[in-house]
Amino acid sequence: VQLQASGGGLVQPGGSLRLSCAASGSIFSIYDMGWYRQAPGKQRELVAVITAGGSANYVDSVKGRFTISRDNAKNTVYLQMNSLKPEDTAVYYCNADLMDRRFRRSEYWGQGTQVTVSS
């Protein structure tokens with residue numbers, strides 16, 4: 001099983017970016033999917049998480065600006081980031097709690113994608 005993240009980049013304050021993360025491999029079922037971020041010198045933090053049924057939760061600092069969504073048919077999770085601020089600068093990692101076709105449940109991580117918000 002692999003998670004492949006994409007969509008990071010450099011954007012000016014107030015701009016938008018959309019991150020994508022596709023899970024592939026021997027997957028039976030995916031439960032929660034989420035996005036974490038880690039800024040230089042800081043601990044990794046949960047940004048947003050979405051259940052298989054579509055219920056989402058966000059860290060307070062991104063509420064009203066970020067939207068997490070998923071396409072279960074494509075095993076893909078998205079993070080739409082609007083009104084970006086310099087403090088959103090970080091490496092963003094996707095995460096999935098899933099069961100593979102051997103019925104082993106585990107947590108998987110994507111490789112990380114850099115988001116830089118700067119003028």
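# Exercises on a Predicted Chain

Phenylalanine 28, at 48% relative accessibility, counts as partly exposed. The scale behind this label calls a residue buried under 20% relative accessible area, exposed over 50% and partly exposed in between (1.4 Å probe, protein chains only).

The model is predicted: local features need pLDDT of at least 70 and side-chain atom pairs count only at pLDDT 80 or more, while totals for chains, interfaces and linings use all residues. Residues are numbered from 1 along each chain as its sequence is written, and side-chain values use heavy atoms, with hydrogens and water left out.

## Exercise 1: The chain as a whole

State how many helices and strands the chain has, and compare its radius of gyration with that of a compact globule.

**Solution.** 

Step 1. The chain contains 11 strands and 0 helices; both kinds of element are DSSP runs numbered from the N terminus (helices H or I, at least four residues; strands E, at least two). Read from the N terminus, the order of elements is β-β-β-β-β-β-β-β-β-β-β.

Step 2. A compact globule of 119 residues would have a radius of gyration near 14 Å, and the chain, at 14 Å, agrees with this. The radius is taken over C-alpha atoms, and the globule rule is 2.2 Å times the number of residues to the power 0.38. The C-alpha trace spans about 50 × 25 × 20 Å along its principal axes.

Step 3. Of the 119 residues in the chain, 39% are buried. Among contacts (heavy atoms within 4.5 Å) between residues at least 6 apart in sequence, 54% join residues at least 24 apart.

## Exercise 2: The disulfide

Identify which cysteines form a disulfide, and explain why the disulfide has its handedness.

**Solution.** 

Step 1. The structure has 1 disulfide, a term for a pair of cysteine sulfur atoms within 2.5 Å. Its partners are cysteine 21 and cysteine 94, whose sulfur atoms lie 2.0 Å apart.

Step 2. The torsion about the S-S bond of cysteine 21 and cysteine 94 is about 55 degrees, so the disulfide is right-handed. The pair links distant parts of the chain, 73 residues apart: cysteine 21 belongs to strand β3 (residues 17-24) and cysteine 94 to strand β9 (residues 90-100).

Step 3. Cysteine 21 counts as buried because its relative accessibility is 0%. Cysteine 94 is also buried, its relative accessible area being 0%.

## Exercise 3: Two phenylalanines

Determine how the rings of phenylalanine 28 and phenylalanine 103 are arranged, and where phenylalanine 103 lies.

**Solution.** 

Step 1. Rings of Phe, Tyr and Trp (its six-membered ring) pair if their centres lie within 6.5 Å; planes under 30 degrees apart count as stacked, over 60 as edge-to-face and the rest as tilted. By this rule there are 2 aromatic pairs. In one of them, the rings of phenylalanine 28 and phenylalanine 103 have centres 5.0 Å apart and planes at 65 degrees, so the pair is edge-to-face.

Step 2. This pair joins distant parts of the chain, 75 residues apart: phenylalanine 28 sits in strand β4 (residues 27-38), phenylalanine 103 in the loop between β9 and β10 (105-109).

Step 3. Phenylalanine 103 is exposed, with a relative accessible area of 54%. Although phenylalanine 103 is not a glycine, its phi is positive, at about 65 degrees.

## Exercise 4: Isoleucine 68

Name the strand that holds isoleucine 68, and list residues that isoleucine 68 touches.

**Solution.** 

Step 1. Strand β7 holds isoleucine 68, which counts as buried at 5% relative accessibility.

Step 2. With residues up to four places away in sequence not counted, isoleucine 68 touches residues including Met33, Trp35, Val49, Tyr58 and Leu79.

Step 3. From C-alpha to C-alpha, isoleucine 68 and tyrosine 78 are 5.6 Å apart in space, and they are 10 residues apart in sequence.
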